[in-house]
Amino acid sequence: VLMVYGLNHEKMNCERIFNLFCLYGNVIKVKFLTNKPGACMVQMSDKIASEMIIRNLSGATIFDNKINIMFSKHPFIADSSVVTALPDSSPSAMNFADNRNNRFKYDNMPFLDSVVGYQPPTRMLHFFNAPPNCTVDQLRDVSTKAGALAPLKGTFFSKANTKSSAGLLEMPDIRSAMEALILTNHYTINPPGNLYPNQGRG
């Protein structure tokens, strides 16, 4: 379990925490501490994922706030009998254990650690599962409508898959890339396609 401090309490919620933290492992639960604005607890599926998050995200600036992440003394997040609302009216606690966007398989942990653990945020976003006819202008529109900056440019990988498309988006800087990912990861675009921007290597 991780403790996250320094969050922008008006812009961050459980789903947005999930959008960012799910890049490093499977998220089980997220709970905002309503008596401590800007603080939340995040239960990951394993310690390695938690270590990756601390290594790569602690000290990052998101929505003008520098966040700090550390291990909690609690071994798990207990279910709340009463779930209050955050400033955006979303629930202050959510369970993501069965969320289909938890995509990690742990059959080969050394491989996971070497490939994922050394990917700190960059200004490049990797998106996939977008509609096959998707355009860069459409992706720019997704970003701006969600409240993020528009990407400077984008490129699509060769479209061997006729059911979806994937590629890279270049953002102005690392901060804007992280904020765009938080706001648009798992965004539904032109159903049935879903847009999954992912923090790319750069």
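Guide: This is a predicted model. A residue is called buried when its relative accessible area is under 20%, exposed when it is over 50%, and partly exposed in between.

Visitor: Okay, so which residues are buried in helix α4?

Guide: Helix α4 covers residues 136-146, and V136, L139, V142 and S143 are buried there. Looking down the axis of α4, these buried residues fall within an arc of 115 degrees, so they line one face of the helix.

Visitor: And what is on the other side of α4?

Guide: D137 and K145 are on that other side, and they are exposed.

Visitor: What comes just after α4?

Guide: G147 does, with a positive phi of about 100 degrees.

Visitor: Which residues have a positive phi without being glycine?

Guide: N129 is one of them, with phi near 65 degrees. N129 sits in strand β8. H186 is another case, with a positive phi of about 70 degrees, and its place is the loop between α5 and β11 (187-188).

Visitor: Is H186 buried or exposed?

Guide: H186 has 15% relative accessibility, so it counts as buried. N129 has 30% relative accessibility, so it counts as partly exposed.

Visitor: New topic. What order do the strands of the open sheet have?

Guide: The sheet has 5 strands in the order β6-β1-β3-β2-β7, and the pairing is antiparallel. The edge strands are β6 and β7 (93-95), each of which pairs on one side only. From one strand to the next, the twist averages 20 degrees.

Visitor: What holds strands together in a sheet, in general?

Guide: Strands of a sheet pair through backbone hydrogen bonds, in a parallel or an antiparallel way.

Visitor: How many bridges join β1 to β3?

Guide: Strand β1 (residues 2-5) and strand β3 (residues 40-44) are joined by 3 bridges and run antiparallel. M3 has M41 in β3 as its bridge partner.

Visitor: Which helix packs on the sheet and touches β7?

Guide: Helix α1 (residues 14-21) does; it touches β1, β2 (27-32), β3, β6 and β7, and its direction makes about 140 degrees with that of β2. Helix α2 (residues 47-57) lies across β1, β3 and β6, and runs at about 150 degrees to β6.

Visitor: Now the inside. Which residues touch the most other members in the largest nonpolar core?

Guide: That core has 45 residues, and I17, F21, V27, V30, F32 and V42 touch the most other members. Among the elements that each supply at least two residues are β1, α1, β8 (124-130) and α4. Helix α5 gives the most, with 6 residues.

Visitor: What is F21 in contact with?

Guide: Leaving aside neighbours within four places in sequence, the contacts of F21 are L2, V4, V27, V42, M44, I53, L57 and I69. There is also a second, separate core of 6 residues, including V1, L33, A39 and I77.

How values were computed. Residues numbered from 1 in each chain as written. Predicted model: local features only at pLDDT ≥ 70, side-chain atom pairs only at ≥ 80, totals over all residues. Heavy atoms only, no water. Pairing = 2+ DSSP bridges. Helix = DSSP H or I, 4+ residues; strand = E, 2+ residues; numbered from the N terminus. Axes fitted to C-alpha atoms, helices over the stretch in contact; angles between N-to-C directions. Contact = heavy atoms within 4.5 Å. Buried < 20%, exposed > 50% of the residue type's maximum accessible area, 1.4 Å probe, protein only. Arc of directions from axis to C-beta. Core = buried A, V, L, I, M, F, W, Y, C linked by side-chain atoms within 4.5 Å.
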